[in-house]
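Please look over the structure below before reading the notes.

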Amino acid sequence: MEDTAIIRLFQERSQQAIAELSQKYGKLCQSLSRRILNNEEDAKECVNDTWLGVWNSIPPQTPNPLVSYVCRITRNLSVKRLRHNLAAKRNSYYDVSLAELEECIPAAQEQEPWEEQEVTKVLERFLRELDTGSRVMFVKRYWYAESVAQIAETFGMKENSVSVKLMRLRKKLRKKLEKEGVVL
C-alpha cells in the first residue's frame with residue numbers, strides 16, 4: 001500500500017492503518033530498534049509504541065516521507081528506552097557509537113536550544129558535502145546504529161577500513177564544527 005493511502009487511513013481513524021503501517025515498515029522499525037537496544041523484547045515494545053505514536057500524531061501531522069517519520073519515532077523511543085536501561089545499569093553496544101561522536105559533537109544537555117539548532121544545521125551541511133558512500137556510511141553508523149561489521153559487509157570492505165573511514169569522517173566533522181564556531 002502506498003504511503004499516502006496509509007496516511008489517509010490514519011486520518012480516517014481506521015484501525016487498518018496500523019496493520020498496513022506494520023506490514024510495510026514493521027521489519028525496518030524492528031531492526032532499527034533492535035540495533036539500538038540489543039534486546040528483542042524492548043525492541044518489540046518500542047515498535048508497538050511507535051504505532052501508537054503515529055496514531056496519536058496523524059492527524060494533525062501529514063508526514064512526507066512516511067518512512068522517515070516512522071523511523072524517527074522508533075529511534076527516539078529506542079534511545080529513550082536505552083537511556084532508561086543504562087540508568088538501570090544495563091548496557092548496549094549502541095552507546096559505543098554514541099561515544100565515538102562525543103569527541104566531535106557537544107552533549108545536548110550542555111547546550112542551549114539555539115546552540116543545538118546550530119549544531120544540527122552544521123551537521124546537515126556536513127552531510128550534504130560528503131560523497132554518497134561516506135554519507136550513507138555515517139548515517140548507517142550514527143543514526144541507524146549499524147555495527148562496523150554490518151557496514152563492512154554492506155560496502156564489501158574490511159572492518160578495519162570502515163573503522164578508519166568513520167574515524168576520518170568524525171575528524172572532518174570536528175573540523176567543520178570548529179570552523180563554524182561551534183564550541184566543543
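The model is a predicted one. It holds 9 salt bridges, and some of them are described here. Side chains of opposite charge can pair when their charged atoms come close.

**A buried pair**
- D42 and R81 form a salt bridge, with their closest N and O atoms 3.0 Å apart.
- D42 belongs to helix α3 (residues 40–57) and R81 to helix α4 (residues 66–87), so this pair ties together parts that are 39 residues apart in sequence.
- Both D42 and R81 are buried.

**A network of four residues**
- Salt bridges link R125, E129, K176 and E180 in a network.
- Within it, R125 forms a salt bridge with E180, and the closest N and O atoms are 3.0 Å apart.
- R125 lies in helix α6 (residues 113–129) and E180 in the segment after α9, so the pair joins parts 55 residues apart in sequence.
- R125 counts as partly exposed at 25% relative accessibility, and E180 counts as partly exposed at 31%.
- E129 and K176 also meet in a salt bridge, at 2.8 Å from N to O.
- This pair links helix α6, which holds E129, with helix α9, which holds K176; the two residues are 47 apart.
- E129 is exposed, with a relative accessible area of 52%, whereas K176 is buried, with 13%.

- K172 counts as partly exposed, at 48% relative accessibility.

Conventions. Residues numbered from 1 in each chain as written. Predicted model: local features only at pLDDT ≥ 70, side-chain atom pairs only at ≥ 80, totals over all residues. Heavy atoms only, no water. Buried < 20%, exposed > 50% of the residue type's maximum accessible area, 1.4 Å probe, protein only. Salt bridge = Lys/Arg side-chain N within 4 Å of Asp/Glu carboxyl O. Helix = DSSP H or I, 4+ residues; strand = E, 2+ residues; numbered from the N terminus.
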